Structures are given as C-alpha cells and as structure tokens.
Amino acid sequence: VRATDDQLVGLEQVYRARFGQFVRLAHAITGDVELARDAVQEAFVRAVQVRATLRESSATDAWVAQIVVNCARDVVRERVPEANGVAFEEVFEIGVAADEPRLRAAVARLPERQRLALFLRYYADFDYGRIATVLGVEVGTVSATLHAARLGVVRLLEEVGS
Amino acid sequence: VTTSVSEVLDRIAPETDPTPDWEWVLVQAAVEPERAGHVYETGEPGSSGLRNVRRLRRLTLLGAGIVVAAAVALVVVAPWKGGPTILQRANAAISPAASQVLYMNFGICCPEAWRSGRDHIQLWIDGAAPRSFRSAGQPMFGYTEHGGTLGPETSLGTQSVTSYLGYNPTTNTIVEHVRSFDRSKPLDFDPLTVVRKALTAGTAHLDGRAVIDGEQAIKITLTTRDLNGHTGTVIYLANAKTYYPIEIKLQSLEAFSYPLEPLFRPNGRGWTATFRFQSFEYLDTTTKNLALTNIQAQHPNTKIIRCNGYKCTVIRNQPKGAHVSSPAKARQKHSAVRGIPPKDILKIAPLIRTCMSAQGATSVTPNHPGASGGIAHFPGVKHPFAWSWVNSSGKAKPIPNPMSMPPARDHSAPAIRERHAINTCLVPYRNKLTH
C-alpha cells in the first residue's frame with residue numbers, strides 16, 4: 001500500500017527528516033514546545049489529507065512548512081482567545097510573552113515576513129528557494145529580507161537592553 | 001551579527017528531541033475526513049480558510065481507505081524506532097507506575113441478568129509491589145468489597161490474585177480466603193488485564209478511530225486466548241489524546257471465570273459484554289489514597305476470618321454457625337433431582353432468578369458473572385440466600401444446590417416468605433430440599 005502512494009511516501013520522508021526542525025519552527029511561533037509538537041503533528045495530518053493537491057513533489061518540505069506555520073498560528077490564536085480581532089502581530093507577542101520575554105518580544109516586533117524568513121532559515125535550514133516558496137516571494141527578495149531581519153533583531157535587542 | 005542572532009534564536013527555541021509519531025498522523029488523517037475542511041492550498045502561503053472543501057473531502061475519503069490500510073500495515077511491519085507507537089502509548093497509559101495508585105470506575109453492560117448492581121464498580125490498584133487492590137460495587141457471594149494483592153509486577157497481563165479478601169457488610173466480617181482458588185488461574189478484578197495482555201503480546205492492532213459520546217477515540221482490535229485456549233476478539237476504545245480507556249467490548253463471550261476473566265465460545269457465537277469507563281485516573285501515593293487500595297484499612301475494626309475452600313462459603317452465608325464440614329458431605333446432603341442436562345442449566349438459571357424476583361426477592365444476581373447460580377436477598381432476612389449447581393455423586397448430573405437456608409425454627413414472616421420462594425423456584429428442579 002505504501003509503495004502505491006508516492007505522495008504519502010514523500011510526506012513520510014519529510015516527516016522523518018524534518019520533524020525536529022519543524023518543531024523548532026513551530027516552537028518559535030507558539031512559544032511552547034508541546035504546543036509546537038502538536039502543531040507539527042496537526043500540520044502533517046492536514047498534509048496527508050490534502051496531499052493530492054501537492055503539485056510538485058520536489059517542493060514537499062516547503063509545502064508542509066507552510067502548513068506548519070499556519071497550524072502554529074492557529075495554536076497561538078486558540079491559546080489567546082481574547083485576542084480575537086486584534087492584529088496577528090499583537091497576538092504573536094501575547095503568545096510568546098510568557099517565556100524569555102525580552103528576546104521573544106524583540107523578535108516578535110519584527111515584520112512577519114522577516115521573522116518567518118529568519119525562522120525558516122535558522123530552524124528549518126531552508127535554502128532561499130524554499131523560503132521563497134513558503135513566503136510566496138521571489139528568491140531574490142529572500143536575501144534582503146533575511147538581512148533586514150538580522151539587523152532588526154540586533155537593533156531591537158539594543159533597544160530592549162537600553 | 002549572525003552569531004548574536006543565532007544565540008537569540010537558540011534561546012527562543014532551543015534544540016529538543018521531540019518524539020515523532022508518523023503512525024499517529026496516518027490514523028488521524030485517515031478517519032477524520034471532515035478535518036480536511038480547514039486546509040491551506042498549495043501556492044498560497046499563509047492562507048487559511050475553507051476552500052474547496054467538498055473537493056478535498058472527496059479526495060480525503062478516497063485516500064482514507066488507503067491510509068487506514070497503510071496505518072495497519074505500518075503497525076504490523078514497522079515497529080518504529082523513533083519513539084513509542086500508539087499501541088505502546090496505549091499500554092503505558094493503563095499501566096500504573098510504582099508511585100501511582102490507579103483508580104477506575106466502570107460499569108458492565110449486558111446481559112441484563114448480571115448487569116444489576118454493576119454499573120459503578122470502583123477499583124483501586126497500588127502500582128508498587130505487592131500491588132494491593134480493592135474493588136467495590138460488585139456484589140458477589142455476599143461480599144460488597146473485594147481486595148488483596150495482585151501478583152508481582154512482571155506478571156501484569158497474566159496476573160493472578162495472590163491474596164484475596166472479601167468484606168461482608170451483613171456480618172461486618174472480612175473473609176480471607178486461604179488456598180481457596182486455583183492459583184494457576186487468573187483471579188482478576190481488573191477488566192483492563194485482557195487489554196494489557198494483548199498489547200504486550202503483540203496481538204493487538206490499531207483499527208482506526210471512533211467517536212464515543214462526542215469523545216475522539218482510537219480503536220484497537222485485539223485477540224486473546226482464554227483459560228480454555230479459545231480465542232476471542234476484543235474491541236478496545238481509548239481516548240485519542242490521553243489513551244485512557246473508554247470502553248472494552250468482549251465479543252463471542254461464553255461466560256466470565258470468576259470474577260472477570262473472559263471465557264470465549266469457540267464457534268464465534270455467544271454474547272457481547274461491554275465495560276464502560278466512567279472514571280480513570282492516577283492518584284498520588286498519599287496515605288489516604290493507599291488506604292483506598294486496602295480493604296482492611298477501610299474496615300479497621302472488622303473481624304477477619306481465615307478460611308479455605310467450602311468453609312468460606314459456609315462462613316459467608318451462615319456466619320452464625322450452621323455448618324457443613326466438606327463439599328463432599330454437602331453434595332450428599334443436598335443430592336436431589338438427577339437428569340438435568342448441563343446445557344439446560346443456562347436455560348433454567350434465569351428462570352429461577354426471575355422466579356425469585358417474582359417471589360419478592362431483591363437484588364437477585366448470579367453469584368458471579370455468567371454463573372448459573374445466584375444470590376437473592378429477601379427483605380427482612382438477615383442473610384442473602386445463595387444457590388449454585390453441583391455435580392452430584394460424581395455422575396456429572398448438575399442440580400441446583402442451595403448454599404444456605406433460613407433456619408427451620410425461624411417462623412418470622414420474612415423467613416417463611418423466603419422458604420416459600422425457595423420451594424417454589426427450586427423444587428421444580430429437585431426432588432427434595434434439605435437443610
């Protein structure tokens with residue numbers, strides 16, 4: 001049965017190769033490693049269910065990463081129900097404020113694209129092409145986005161420190 | 001800059017070693033097609049919503065069969081090395097550690113004849129050796145509480161009670177049975193034993209998911225052999241998140257060997273018994289909680305009677321001293337009608353119990369689950385009346401055997417009513433009743 005479902009096999013390979021990385025990615029978004037694990041599990045459940053919509057098997061990991069990010073966001077929203085209606089940036093800050101507040105708050109203040117680019121690069125070890133796929137931008141944009149993100153973190157930390 | 005950013009990111013989400021569980025993903029995906037309604041389409045990162053729900057549901061349903069089969073196949077052929085499997089988790093979730101007291105409250109369903117009084121059986125098990133236990137709410141043999149110690153921890157799954165005590169509220173005594181049961185047979189009050197046994201032996205497989213009273217559950221189908229070597233099928237449902245038990249369904253059941261050891265019919269027919277769990281939790285090993293596992297601690301000022309074999313039966317039912325010295329003499333004394341084929345006992349047994357109820361008895365139950373004998377309590381009579389079936393004179397002719405009778409000199413209205421009921425309900429199956 002496994003051999004006849006190539007997409008399922010591909011998803012399983014991504015799962016085994018990247019599970020830990022995706023958990024870190026989700027951890028950075030949710031601020032809780034257990035919630036992160038749940039989010040990754042949930043993401044793969046969704047991926048298995050809708051795998052027929054995956055067009056390029058070579059981009060499976062980037063495709064799943066999109067779902068991981070979305071599931072992690074859902075977790076943050078569910079965790080802070082009173083935040084309904086406020087901007088995601090604010091929700092994110094609330095979601096991560098409980099732990100490592102200075103660092104988290106600083107990173108949370110980055111624009112979302114920069115923050116996700118940073119997470120995908122560092123935690124998931126994605127190349128620029130994959131990051132571009134996840135973010136829905138041109139590959140050339142990724143480099144600039146990452147550079148801006150790194151500078152932004154340093155600047156924000158300096159602000160927080162002062 | 002890179003170093004400092006790396007440090008920041010390491011602190012935000014440090015490296016961990018999370019346990020992957022692909023099997024769980026497959027099971028979740030296979031049986032919850034409605035979850036596909038909340039998906040994210042390829043090429044639209046960050047877009048959440050309910051697009052193409054119907055199309056995706058169709059796709060999911062098509063894939064569901066494949067994935068279920070894949071999940072089952074994976075369980076069979078690939079014991080994952082990346083972490084505990086669902087079956088291992090399910091087993092761990094129902095096995096108390098040494099520092100825990102396991103508490104459960106469950107009911108037994110169907111057939112109605114032995115359901116009575118068994119809707120809320122409570123069981124406490126101390127996870128540490130010698131694993132004392134106490135069961136309440138399962139009235140049998142006049143006992144309302146049972147206790148003792150289970151076998152050593154390593155025998156979990158094929159456990160046999162190594163010490164057995166029963167509390168009789170009528171006489172306010174605890175009867176400690178000495179050598180009264182065949183040690184080679186399980187004497188188990190824990191309905192989860194059969195599940196642990198199969199999960200440990202590898203005769204269980206994941207069979208998808210189900211929803212029980214709105215609760216998401218995993219479904220595990222297992223096979224097990226009974227004391228007679230007959231194989232039975234058991235459906236086990238556990239909470240999908242906690243893996244705590246929700247329901248055990250024993251199929252093709254012949255009877256229970258005392259008290260809850262299932263016996264299966266070899267031809268696959270038989271009836272179904274369902275254990276439904278109302279509570280399942282682990283308690284800290286505080287003094288108070290440990291006392292819950294100890295029948296003597298619950299009744300500190302109660303007289304303890306040590307007995308064995310048939311004497312225990314006599315003591316249970318005639319604590320004031322009516323006495324039969326041995327089972328053999330009892331059989332001689334109670335010998336009566338011959339010629340009732342064993343297969344007819346199961347037809348006659350419920351008739352006797354129904355008759356007893358019609359004669360005014362309350363709490364009419366089999367004297368153990370699946371038994372052909374019974375226990376009846378008549379209002380105003382101090383001791384319950386019990387009867388069972390014995391083989392008379394070694395000729396394998398089963399006869400209803402009254403295990404106790406009201407004293408002949410007791411001419412009170414309740415006693416007369418009870419004797420009348422016994423004669424009305426049992427005499428058709430015996431020539432003579434003696435006491």
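Helices here are DSSP runs of H or I with at least four residues, numbered from the N terminus, and in that numbering Q41(A) is found in helix α2 of chain A. The structure is a predicted model, and every value below is computed from it. Chain A has 8 helices and 0 strands, whereas chain B has 12 helices and 17 strands.

- Of the 162 residues in chain A, 54% are buried, and of the 435 residues in chain B, 52% are buried.
- When contacts in chain A between residues at least 6 apart in sequence are considered, 62% of them join residues at least 24 apart.
- For chain B, the corresponding share of contacts between residues at least 6 apart that join residues at least 24 apart is 55%.

**Aromatic rings in chain A and across the model**

- Over all chains, the count of aromatic pairs comes to 14.
- One of these pairs is formed by F22(A) and F44(A), whose ring centres are 6.1 Å apart and whose planes lie at 35°, so the pair is classed as tilted.
- Because F22(A) lies in helix α1 (residues 6–30) of chain A and F44(A) in helix α2 (residues 33–49) of chain A, the pair ties together parts that are 22 residues apart in sequence.
- Both F22(A) and F44(A) are buried.
- F22(A) and F44(A) also belong to one aromatic cluster, which is formed by Y15(A), F19(A), F22(A), F44(A) and F126(A).

**Q41(A), a residue in contact with both chains**

- Q41(A) has a relative accessible area of 4%, and because buried means under 20%, Q41(A) counts as buried.
- With neighbours within four places in sequence left aside, Q41(A) is in contact with Y15(A) and F19(A) of chain A and with D21(B), W24(B) and V25(B) of chain B.
- Two of those partners, Y15(A) and F19(A), are also members of the aromatic cluster that includes F22(A) and F44(A).

**L120(A) in helix α6**

- L120(A) has its place in helix α6 (residues 112–122) of chain A, and at 0% relative accessibility L120(A) counts as buried.
- Neighbours within four places in sequence being left aside, the contacts of L120(A) are L25(A), A65(A), D125(A), F126(A), I131(A), V134(A) and L135(A).
- Among these contacts is F126(A), which is also part of the aromatic cluster with Y15(A), F19(A), F22(A) and F44(A).
- L120(A) and L146(A) are 26 residues apart along the chain, and their C-alpha atoms are separated by 10.0 Å.

**A helix crossing in chain B**

- Helix α4 (residues 86–93) and helix α6 (residues 193–201) of chain B have axes that come within 10 Å and cross at roughly 145°, and the crossing of α4(B) and α6(B) is left-handed.
- On the side of α4(B) the contact is made by L87(B), A90(B) and N91(B), and on the side of α6(B) by R196(B), L199(B) and T200(B).
- Sorted by class, the contact of α4(B) with α6(B) has 3 nonpolar, 2 polar and 1 charged residues.

**Loops and backbone features of chain B**

- A cis peptide bond, with omega about 5°, joins A129(B) and P130(B), and P130(B) has its place in the loop between β2 (121–126) and β3 (132–140) of chain B.
- R131(B) is also found in the loop between β2 and β3 of chain B, and its phi is near 55°, a positive value in a residue other than glycine.
- At 3% relative accessibility, R131(B) counts as buried.
- D213(B) likewise has a positive phi, near 50°, in a residue other than glycine, and D213(B) is found in the loop between β7 (204–212) and β8 (215–225) of chain B.
- With a relative accessibility of 72%, D213(B) counts as exposed, whereas R131(B) counts as buried.
- R134(B) lies over the face of W124(B), at 4.3 Å from the ring centre.

Definitions and conventions. Residues are numbered from 1 along each chain as its sequence is written. Chains are lettered from A and ligands numbered from 1 in the order in which they are written. This is a predicted model: local features need pLDDT of at least 70, side-chain atom pairs count only at pLDDT 80 or more; totals for chains, interfaces and linings use all residues. Side-chain values use heavy atoms; hydrogens and water are left out. Rings of Phe, Tyr and Trp (its six-membered ring) pair if their centres lie within 6.5 Å; planes under 30 degrees apart count as stacked, over 60 as edge-to-face and the rest as tilted. Helices (H or I, at least four residues) and strands (E, at least two) are DSSP runs, numbered from the N terminus. Buried means under 20% relative accessible area, exposed over 50%, partly exposed in between (1.4 Å probe, protein chains only). A charge sits over a ring if NZ of Lys or CZ of Arg is within 6 Å of the ring centre and within 35 degrees of the ring normal. Axes are lines fitted to C-alpha atoms, for helices over the stretch in contact, and angles run from 0 to 180 degrees between N-to-C directions. A crossing is left-handed if the near helix is turned anticlockwise from the far one by less than a right angle, and right-handed if clockwise. Contact means heavy atoms within 4.5 Å. Ala, Val, Leu, Ile, Met, Phe, Trp, Tyr, Cys and Pro count as nonpolar, Asp, Glu, Lys and Arg as charged, and the others, Gly among them, as polar.
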